[in-house]
Amino acid sequence: MQPRNMSMSGVVDLAAVKAAQEAKAKAEQARAEAARQGGGTGALSPADLVIDVDEAGFERDVLQRSTEVPVVIDFWAEWCEPCKQLSPVLEQLVVEYNGRLLLAKIDVDANQMLMQQFGVQGIPAVFAVVAGQALPLFQGAAGKEQIQQTLDQLVQVAEQRFGLTGLQVDPDAEPGAAPQPAAVPAGPYDALLEAAVQALDAGDFGGAVQAYKNVLSDDPGNSEAKLGLAQAELLHRVQNLDPQQVRKDAAEKPGDVPAQIAAADLDLVGGHVEDAFGRLIDTVRRTAGDDRDAVRLRLLELFEVVGAEDPRVSAARRALSRALF
């Protein structure tokens, strides 16, 4: 089912939404085919979450697996001292995510072609592949907390945009055990989705939010409901705002986090996508702790509204990573 126009054509890049939905559809098709053949996601051992990958197995071990779970790629080399510090942290964190991520370790000395294809300029370098889509995460050594923030963003994007809820992990499973077929998502939800669209058209944004949540409660990976929910929540937030007052507060109080968040929402609704992203990234740089986390989470929500494939989102993700690290 293609996403409907949510009455936000001035805000949402529909081409980007379409591209994201096509990637999501391909991921769903790949999972369904794997389940049909008895090779879908199933219980793996924690040891199976960290794998060594070479050029010959890249398509199978990274691209195909990325339709089931986000694959984090660690480009490393034996002679690289920072790699020896970073790799154990990545391995530990991926195991702690309990199946929501897979770590692929690539030795650059033995896999020069992959290094060139990803444009790696130095190591350690960490990328991710989600539903066949590659994106840079960070380069160089980083602290565990900073890495975890980046991985949290990756997991959220994978779940919300592509419905990738990860793999089942059984601590008692034998490493390398064959997985069992995955469950097929429930559906369809045409009536509930149509009710949400009607609520949007009527200006009942609260009702639309609830309708989309009703779908997602049964089918957490429903891409149309996730897109609609992100848009409906944005419209609901700005519905009763006084634009003039919000922009006045944001201009006079650059350190006021709620004011900057509200102004970013208005920027996006007005079609000023880069302004919205830039405002929040600047606020991330100026803040710390809970304030920074609140801004980061709102920025991720706005990414969801615009669409993961939009180049403005990709640029903002890189800027956000730089601001965090």
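**View 1. Valine 126 stands opposite phenylalanine 138 of strand 6.** The structure shown in this and the following views is a predicted model. Strand 5 (125–130) and strand 6 (133–139) run antiparallel and are joined by 6 bridges. Another residue of this pairing is alanine 128, whose bridge partner in strand 6 is leucine 135.

**View 2. Strand 5 is largely enclosed by the rest of the structure, because 6 of its 6 residues are buried.** In a regular strand, the side chains alternate between the two faces of the sheet. Both faces of strand 5 are covered. Ala125, Phe127 and Val129 are buried on one side, and Val126, Ala128 and Val130 are buried on the other. Strand 5 also pairs with strand 3, in the antiparallel sense, over 5 bridges. Within that pairing, isoleucine 73 has phenylalanine 127 of strand 5 as its bridge partner.

**View 3. Helix 3 comprises the 16 residues 81–96.** At 1.5 Å a residue, helix 3 should span 22 Å; its end C-alpha atoms lie 24 Å apart, which agrees. An α-helix has 3.6 residues a turn, so residues three or four places apart point the same way. The buried residues of helix 3 are Cys83, Leu86, Ser87, Val89, Leu90, Leu93 and Val94. They pack against strand 3 (71–76), strand 4 (102–107), strand 5, strand 6 and helix 5 (144–162). Just after helix 3, asparagine 98 takes a positive phi of about 55°.

**View 4. The largest cavity has a volume of about 100 Å³.** The count of cavities of 30 Å³ or more comes to 2. Lining the largest cavity are Leu135, Pro136, Leu137, Thr150, Gln153, Leu154, Val157, Arg317 and Ser321. Strand 6, helix 5 and helix 13 (311–324) are the elements that give two or more residues to this lining. The largest share, 4 residues, comes from helix 5. By type, the lining of the largest cavity divides into 5 nonpolar, 3 polar and 1 charged.

**View 5. The second largest cavity holds about 50 Å³ of space.** Its lining consists of Val157, Gln160, Arg161, Leu300, Phe303, Glu304, Ala308 and Arg317. The lining of the second largest cavity divides into 4 nonpolar, 1 polar and 3 charged residues. Val157 and Arg317 line the second largest cavity, and they are also among the residues that line the largest cavity.

**View 6. Alanine 264 is placed in helix 10 (residues 257–269).** Alanine 264 counts as buried because its relative accessibility is 0%, and the cut-off for buried is under 20%. Leaving aside neighbours within four places in sequence, alanine 264 is in contact with Ala276, Arg279, Leu280 and Leu302. Glycine 278 is 14 residues away from alanine 264 along the chain, and the C-alpha atoms of these two residues are separated by 8.7 Å.

Definitions and conventions
Residues are numbered from 1 along each chain as its sequence is written. This is a predicted model: local features need pLDDT of at least 70, side-chain atom pairs count only at pLDDT 80 or more; totals for chains, interfaces and linings use all residues. Side-chain values use heavy atoms; hydrogens and water are left out. The expected span of a helix is 1.5 Å times one less than its number of residues. Buried means under 20% relative accessible area, exposed over 50%, partly exposed in between (1.4 Å probe, protein chains only). Contact means heavy atoms within 4.5 Å. Two strands pair if DSSP finds at least two bridges between them. On a 1 Å grid over the protein atoms alone, a cavity is a set of points where a 1.4 Å probe fits but cannot get out, and a pocket is an open set with protein on both sides within 12 Å along at least five of seven lines; lining residues have an atom within 4 Å of a point. Grid points are joined across faces, edges and corners, and a volume is the space filled by probe spheres set on the points. Ala, Val, Leu, Ile, Met, Phe, Trp, Tyr, Cys and Pro count as nonpolar, Asp, Glu, Lys and Arg as charged, and the others, Gly among them, as polar.
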